[in-house]
Each structure stands twice: as structure tokens, then as C-alpha cells.
Amino acid sequence: MAASQTLTKIIDGSKRQVLHVAILSDGDELTNSIIYNFSDDTTLTGDTTAAKIKIDQVWFQNPSAAGQLFIRFDGTTDKIACGSGFNGNSHQDFRSFGGITNNAASPTGDITVTTLGLANPDQAVVILDIKKC
């Protein structure tokens with residue numbers, strides 16, 4: 001078996017998407033598991049360049065004493081956008097400087113999650129506020 005994720009779109013508009021990602025570990029890790037699929041987003045309008053996708057805010061709920069979560073922009077060379085450390089909750093707000101820009105090499109526009117150190121039956125939650133420019 002493998003770790004699983006459940007995606008719920010809280011807001012799904014042409015300029016913004018808010019995603020709730022629930023992660024359940026069975027001892028296996030998620031590695032670059034897609035949580036925002038740019039090519040499947042049918043609500044995009046205006047400039048739909050993959051590199052224009054930004055992360056405005058992220059909330060993490062990670063009760064694991066050893067687990068870590070990493071959010072990455074997907075591309076030929078992925079780039080870490082943000083992450084969460086051990087055992088806690090956090091809110092990271094990047095709006096004051098325009099959001100975290102997708103700086104992956106040859107970006108696909110996708111956003112992925114990777115877990116490290118989660119054990120069975122650890123659970124974690126990520127809420128992403130994505131700006132579609």
C-alpha cells in the first residue's frame with residue numbers, strides 16, 4: 001500500500017484556487033505527488049503561462065514529531081516553494097511580496113507535495129491558496 005492524499009477544491013475560480021490536501025501515511029512517503037494540475041485546470045483565463053502560477057498562502061497541520069512536508073513547483077528541475085517542519089501548525093503568507101513565483105526550470109505549472117518521515121498512521125493537512133495570473 002502507499003500513502004494517500006485527498007484533494008478538495010475550496011475555491012476554484014479563474015484567478016484563484018484554494019485546495020485542501022489531506023495526507024494519510026501508512027509508513028510510505030509521497031514523492032512529488034501532484035496536488036495542482038495546471039493542464040487539467042479548465043478555469044484559467046488570460047495569461048495561462050505555466051510560470052505565472054504563484055502560491056499566495058499556505059497552511060500546514062503536521063502533528064508528526066518526525067514528519068516534514070515540502071511543496072514544490074514541477075518542471076525539468078523542480079524547485080521547493082515552501083515547507084513545514086515537525087510537529088505543529090503554521091501559516092505562511094507570501095502576499096506582501098506578490099506570492100512565491102514558480103521558478104522551476106521549464107515549469108509545467110503543476111504543484112506537488114513530498115513527505116519525509118511520516119509513519120503509520122500519521123496524518124497531515126495542507127491548504128494552498130494559488131494565484132493564477
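Asp-12 is partly exposed, with a relative accessible area of 36%. That is our starting point in this predicted model. Asp-12 forms a salt bridge with Lys-9, and their closest N and O atoms are 3.7 Å apart. Lys-9 counts as exposed, at 52% relative accessibility. The cut-off for exposed is over 50%.

The pair does not stand alone. Salt bridges that share partners join Lys-9, Asp-12, Asp-41 and Lys-132 into one network. The count of salt bridges comes to 6.

Next, take Asp-129 and Arg-16. They form a salt bridge, with the closest N and O atoms 2.9 Å apart. Asp-129 lies in strand E10 and Arg-16 in strand E2, so this pair ties together parts that are 113 residues apart in sequence. Asp-129 counts as buried, at 4% relative accessibility. Arg-16 counts as partly exposed, at 37%.

Asp-93 and Arg-95 form another salt bridge. Here the closest N and O atoms are 2.5 Å apart. Asp-93 is partly exposed, at 34%. Arg-95 is partly exposed too, at 46%.

Now turn to the backbone. Asn-32 sits in the loop between strand E2 (16-24) and strand E3 (33-36). Its phi is near 50°, a positive value in a residue other than glycine. Asn-32 is partly exposed, with a relative accessible area of 31%. Ser-106 lies in the loop between strand E8 (100-101) and E9. The phi of Ser-106 is near 45°, also positive.

Pro-121 lies in the loop between strand E9 (111-116) and strand E10 (123-132).

Key. Residues are numbered from 1 along each chain as its sequence is written. This is a predicted model: local features need pLDDT of at least 70, side-chain atom pairs count only at pLDDT 80 or more; totals for chains, interfaces and linings use all residues. Side-chain values use heavy atoms; hydrogens and water are left out. Helices (H or I, at least four residues) and strands (E, at least two) are DSSP runs, numbered from the N terminus. Buried means under 20% relative accessible area, exposed over 50%, partly exposed in between (1.4 Å probe, protein chains only). A salt bridge is a side-chain nitrogen of Lys or Arg within 4 Å of a carboxyl oxygen of Asp or Glu.
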